[in-house]
Amino acid sequence: MKNIFSVLKMTIVIFILFISFLNKVHAEEIFNLYTEDYPPYNMPLDEKTGDNANEIIGSATDTMKEIFKRAKIKYSMELLPWARAYNFALKRKNTVVFAASRTPERENLFKWVGPIGENSWVFFSLIDPKTKKPKIKINSMEEAKSVLPISDFYKA
């Protein structure tokens with residue numbers, strides 16, 4: 001069972017799509033930094049309302065702010081739904097999307113910086129009140145696909 005979940009274990013990394021290297025960026029250029037609400041890496045300061053007008057906080061956010069501060073590069077930062085942020089990074093100049101799982105499908109699409117942490121992906125099941133055992137027992141990814149609709153949201 002542990003081997004199944006080790007396949008799903010993704011290293012969370014910051015990835016950046018640069019048109020030019022940081023040291024060649026003109027001072028007038030502004031990078032657009034996008035991320036999703038994914039605590040503790042990135043989240044709105046006001047978690048109750050999710051108000052995007054408030055400051056974005058979190059460990060990955062702090063790392064990004066420091067990188068751009070040290071490089072003396074201007075930026076704007078915004079929380080977006082993951083798919084929109086990801087697609088902006090694929091299509092727009094001077095766009096950064098963070099924090100993301102580094103997958104084989106994404107490897108050649110971006111210039112990667114990081115890692116900033118690890119994330120283990122797991123399955124959960126309700127407990128059957130009569131037997132006190134999980135209602136669904138999954139022993140492999142293939143078995144999971146036959147039982148559940150598995151989202152591939154991380155591929156975006």
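1. Phe-110 is buried in this predicted model, because its relative accessible area is 7%, under the 20% limit for that class. Trp-112 likewise counts as buried, at 15% relative accessibility.

2. Trp-82 and Tyr-86 are both residues of helix 3, which spans residues 82-91. The two stand 4 residues apart, or about one turn of the helix. Both Trp-82 and Tyr-86 are buried. Their rings form a tilted aromatic pair, with 5.8 Å centre to centre and 40° between the planes. Phe-110 and Trp-112 form an edge-to-face pair, for which the corresponding values are 6.1 Å and 85°. Ring pairs link these residues, Trp-82, Tyr-86, Phe-110 and Trp-112, into a cluster. The structure holds 7 aromatic pairs.

3. Strand 2 (30-35) is joined to strand 5 (residues 74-79) by 6 bridges, and the two run parallel. Within this pairing, Asn-32 has Ser-76 of strand 5 as its bridge partner. Strand 2 also runs parallel to strand 6 (residues 95-101), with 3 bridges between them. Here Leu-33 stands opposite Val-96 of strand 6.

4. Asn-42 belongs to the loop that leads from strand 2 to strand 3 (43-44). Is this residue, Asn-42, buried or exposed? Asn-42 is buried, because its relative accessible area is 0%. The side chain of Asn-42 comes to 2.8 Å from the backbone oxygen of Glu-36. Apart from neighbours within four places in sequence, the residues in contact with Asn-42 include Thr-35, Glu-36 and Asp-37, as well as Ile-56, Ile-57 and Gly-58.

5. Helix 2 (residues 59-71) comprises 13 residues. From its first C-alpha to its last, helix 2 reaches 19 Å, close to the 18 Å expected at 1.5 Å a residue. Just after helix 2, Lys-72 adopts a positive phi of about 55°.

Terms used
Residues numbered from 1 in each chain as written. Predicted model: local features only at pLDDT ≥ 70, side-chain atom pairs only at ≥ 80, totals over all residues. Heavy atoms only, no water. Buried < 20%, exposed > 50% of the residue type's maximum accessible area, 1.4 Å probe, protein only. Polar contact = N/O pair within 3.5 Å; in protein donor to acceptor, adjacent residues only side chain to side chain. Contact = heavy atoms within 4.5 Å. Expected span 1.5 Å × (residues − 1). Pairing = 2+ DSSP bridges. Phe/Tyr/Trp six-rings, centres within 6.5 Å; stacked < 30°, edge-to-face > 60°.
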